[in-house]
Amino acid sequence: MKEVVFAQLMDMLPFFFFVVSLMILYVVLQMLLPDNRYLDELIFYACLLVVIPELIVVFEAVVEVVKVLTSMLFAFIPIIGSILLILEGPLSFIAWNPIVLAIIQFLLFVTDKLFLPLLLIAILLDVWSRGMQELPLTKMAQLIRSFLIISTGTAMLVLTGVLTTAGALVITLNDTINTPIKKTLEQAIPIVGSVLVQAISIVKKTQVITSSFIGAAAIIAFITTLSVPILYILLKALTYRVLSSISEPLMPTRVTLLFEDLSKSLFVLCGIATIIFICVVVVIVLFFAMSFFLVGRSG
Amino acid sequence: MDQIIPLFRRLHFLFGQVPFANLLLASVVIIIVSEFVEHLLEEHDYETIAHLVKLSANVLLVSFWLKEAMPFVSKLQNLMEAFEMLR
């Protein structure tokens, strides 16, 4: 686990170093060519070409995860459905509702077909409006982004509501200990902080009910492995934020604004990834719980 | 020129690892040389030829950067095909 996170961090360092060196190079070249409009254009496109592959990598990873999950869910649903029918009695006390599955499938479908393409369009609009400053489309990108933020928040609300009213997660924790941490997280991470906090509390509750039958080690391993992509995206978004703040005195304004927009978009992507993460955790926990009951019954 | 080329050699040595830094340096050299030639021609009242020099320098820059940008465009296209945005 430590190696994985450390490797992700090490992945980010060269990128950070490259952009900072480009800034230094720009400052040096500006002494040679003061107030040259070509130089501003060129440094903008150089930054763009450094940044875009990183974004494409993140997007490809998220798309792949969503594709795998949708196919996995399609495979799991007949099994889970039949087990639900067989095990009506023992499962009634945790009262897993079939509607949870339906909502998870719907959320994955919406993420695949609507959220991710819209986010890609928002990023393209950002790049367009920084490249062509005469024809800015920033309002449109902002509109798409705020729509995505609201939808991810709503999806999270729906998931929490369904999971708690279905009876699966009614066990309450003592929240007094982790409330300050939650508040800090909500304020520290700009856009998706509250979504992340919701996710953390859901996962924690799931952990409590499932650790009684699959063992704490297994579930902790699952959750940490699954949360690595989210941490990675979050790290990337924070790196962009830092880069935008570093570049403010050195670079042309459009580069700073580009980094800021991209970091906002990546925060939204982080929110979307969190929803996917919750879906996976719930399905895996459901499967484990069911297989536990099945094994317990036959043996 | 005697000072500029060693300077750019040193900058290349310093920033050679950074992607697109070499391209940026080459572009800056092209801009400096083209401006120099342009001023020289304008001084001697060859304004049309100066314009031509500027145009050719621009074409050179655009072709350099387009060549570097093409892989990303195709990657982006693949991504959009994954989203079924292109048909």
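In this predicted model, A:Ser247 touches A:Met23, A:Thr256 and A:Phe259, leaving aside residues up to four places away in sequence. A:Ser247 belongs to helix H8 of chain A, which covers residues 216–247. With a relative accessibility of 0%, A:Ser247 counts as buried, because the cut-off for that class is under 20%.

A contrasting setting is found at A:Met140, which lies in helix H5 (residues 138–165) of chain A. Its relative accessibility is 43%, so A:Met140 counts as partly exposed. A:Met140 is one of the members of a nonpolar surface patch, together with A:Trp128, A:Met132, A:Leu135, A:Leu137 and A:Leu143. The accessible area of this patch comes to about 560 Å².

Chain A takes part with 32 residues and chain B with 30. About 2,800 Å² is buried between the two chains, and carbon and sulfur atoms give 87% of this area. On the chain B side, B:Leu24, B:Leu79 and B:Phe83 lose the most area to chain A, together making up 22% of what that side buries. Between chain B and chain A, the number of salt bridges is 0.

Methods
Residues numbered from 1 in each chain as written. Chains lettered and ligands numbered in written order. Predicted model: local features only at pLDDT ≥ 70, side-chain atom pairs only at ≥ 80, totals over all residues. Heavy atoms only, no water. Helix = DSSP H or I, 4+ residues; strand = E, 2+ residues; numbered from the N terminus. Buried < 20%, exposed > 50% of the residue type's maximum accessible area, 1.4 Å probe, protein only. Contact = heavy atoms within 4.5 Å. Patch = residues over 30% accessible without salt bridge, like charges linked within 9 Å, V, L, I, M, F, W, Y side chains within 5 Å. Areas by Shrake-Rupley, 256 points an atom, 1.4 Å probe, with all protein chains shown as cover. Salt bridge = Lys/Arg side-chain N within 4 Å of Asp/Glu carboxyl O. Buried area = accessible area lost by both parts, 1.4 Å probe.
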